[in-house]
Amino acid sequence: MNILLLGSGGREHALAWKMAASPLTDRLLCAPGNAGIAQEAECIALDLADHGGIVAFCRSNKVDLVVVGPEAPLCAGIVDDLEAAGIKAFGPSRAAARLEGSKGFTKDLCRDNGIPTAAYARFRAAGEARAHIRSRGAPIVVKADGLAAGKGVVVAQSVAEAEAAVDMMFGGGLGEADGEVVIEECLDGEEASFFALCDGETPIPLATAQDHKRAFDGDKGPNTGGMGAYSPAPSIDAAMSDRIMHEIIWPTVRAMKAIGAPYKGVLYAGLMITSEGPKLIEYNARFGDPETQVLMLRLMSDLVPALLASRDGILKTFDLRWYDNPALTVVMAANGYPGHYARGSAIEGLDEAAAVEGVEIFHAGTKVEAGRIVANGGRVLNVSAIGKTVREAQARAYQAVSRIRWPEGFYRHDIGWRAIERERRA
Ligand code: AMP
């Protein structure tokens, strides 16, 4: 098969690495890709917002399957446009991607189908939202309805902070995402991510992960897209996984089918494991980044047939095998991230780092300039490792990190600390 992957981050490098290893893959293309992906695939300069251009490219290059990495093209209907042109595409339709694209849509779907989630109310005007916050008190969570690149959620510790968030969101602080806010009860528990593959009718569980969102050690500093992750999530054992499938994933897939928007692709549930059981925080309509980097290290089966089975609607009889061993990834980011940072600094030592046992390095924001790998984004590298324990995976990842010479970058030193503490107690 000729496969075109859309995206340019560490998630896409991990997917490309796994798909390139498939005997089903003849030619792997990636648009736009990065310097690491270029080692697995032919990188093509295509604009992901130009659906017509992508369709034309697929036709002239006999592309058999398009795999969509990021959420923006999914929410913009890239899968609908490709399928309408007779090109197979992995991922949800625009209508199904509302599970990520609209928090209000997802909350109403949960309410109507008895899916456990935080209590909530939706508002279109700041005054009513503020009154609601004052009647509920803090802590309380304020969310913009639409896609807001991670800036649309404020977990407010005081009423004043929550009211300020409402004013920011209705005051145009988030561009297009500012038409509506959702105000939610603040949930208490341990967060974990659960990934399922869906074909419109049947979901099958993939694996679980936990990530570190804060920029600095000790889970301090500003929120980021993710500074590291590990899989599996220790808080989700087999019994909890069954509950999540039964109470959250299955009812969602059934409900989406019933409203005429069958969900195909990866359904990524952000969960709070509370004393009452699992509760949905949010859905994403795609693979996670950096969670995919650890998932792909643990996936024993070929990925390509799984993506095809999701698209073709035949997951019912499908089975995926995983390594039991945990995997962990450390994100190396440009100094200043998630605020202002510079591009163009040279990165050295990648080959020595990749030689550490069990290690794979996935590139997030890199490019080649005059024969050297240089930083080209905020999150730049995902140094990933598998091991017999989280502790071993962590030691391997940090040994590899120590071989990378890049003074203009930084990373957290404690990725996986919670899971390692659990291992020690056990
Ligand atoms: P979201 O974009 O909805 O995943 O929210 C971003 C982060 O905000 C989550 O990963 C949680 O850490 C936090 N969060 C969101 N909703 C809640 C909630 N209802 N209770 C507690 N924390 C939340």
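## A walk from a loop glycine to a buried helix

Let's start at Gly179, which sits in the loop between helix H8 and strand S9 (181-185). Helices (H or I, at least four residues) and strands (E, at least two) are DSSP runs numbered from the N terminus, while residues are numbered from 1 along each chain as its sequence is written. Keep in mind that this is a predicted model, where local features need pLDDT of at least 70, side-chain atom pairs count only at pLDDT 80 or more, and totals for chains, interfaces and linings use all residues; side-chain values use heavy atoms, with hydrogens and water left out.

Gly179 has a relative accessibility of 38%, so it counts as partly exposed. That label covers the range between buried (under 20% relative accessible area) and exposed (over 50%), using a 1.4 Å probe and protein chains only. Leaving aside residues up to four places away in sequence, Gly179 touches Arg124 and Phe170, where contact means heavy atoms within 4.5 Å. Leu320 is 141 residues from Gly179 along the chain, and their C-alpha atoms are 41 Å apart.

Now for a pair of helices. The axes of H7 (residues 126-136) and H8 (residues 159-170) come within 10 Å and cross at roughly 165°. Because of that angle, H7 is roughly antiparallel to H8, a term for angles over 145 degrees. These axes are lines fitted to C-alpha atoms over the stretch in contact, with angles running from 0 to 180 degrees between N-to-C directions. On the H7 side, Ala126, Ala129, Arg130, Ile133 and Arg134 make the contact, and on the H8 side it's Val159, Ala162, Glu163, Val166, Asp167 and Phe170.

Next up is Lys143, in strand S7 (residues 140-144). Is Lys143 buried or exposed? At 4% relative accessibility, Lys143 counts as buried. Its side chain makes a polar contact with the side chain of Glu184, at 3.3 Å. A polar contact is a pair of N or O atoms within 3.5 Å; within protein, one must be able to donate a hydrogen and the other to accept it, and residues adjacent in sequence count only if both atoms are side-chain atoms.

Last stop: helix H11 (residues 303-312). Seven of its ten residues are buried, so H11 is largely enclosed by the rest of the structure. Among those buried are Leu303, Val304 and Leu307. At the start of H11, a side-chain oxygen of Asp302 comes within 3.1 Å of the backbone nitrogen of Val304. After H11 comes Gly313, with a positive phi near 80°.

Conventions: Parallel < 35°, antiparallel > 145°, perpendicular 65-115°, else oblique.
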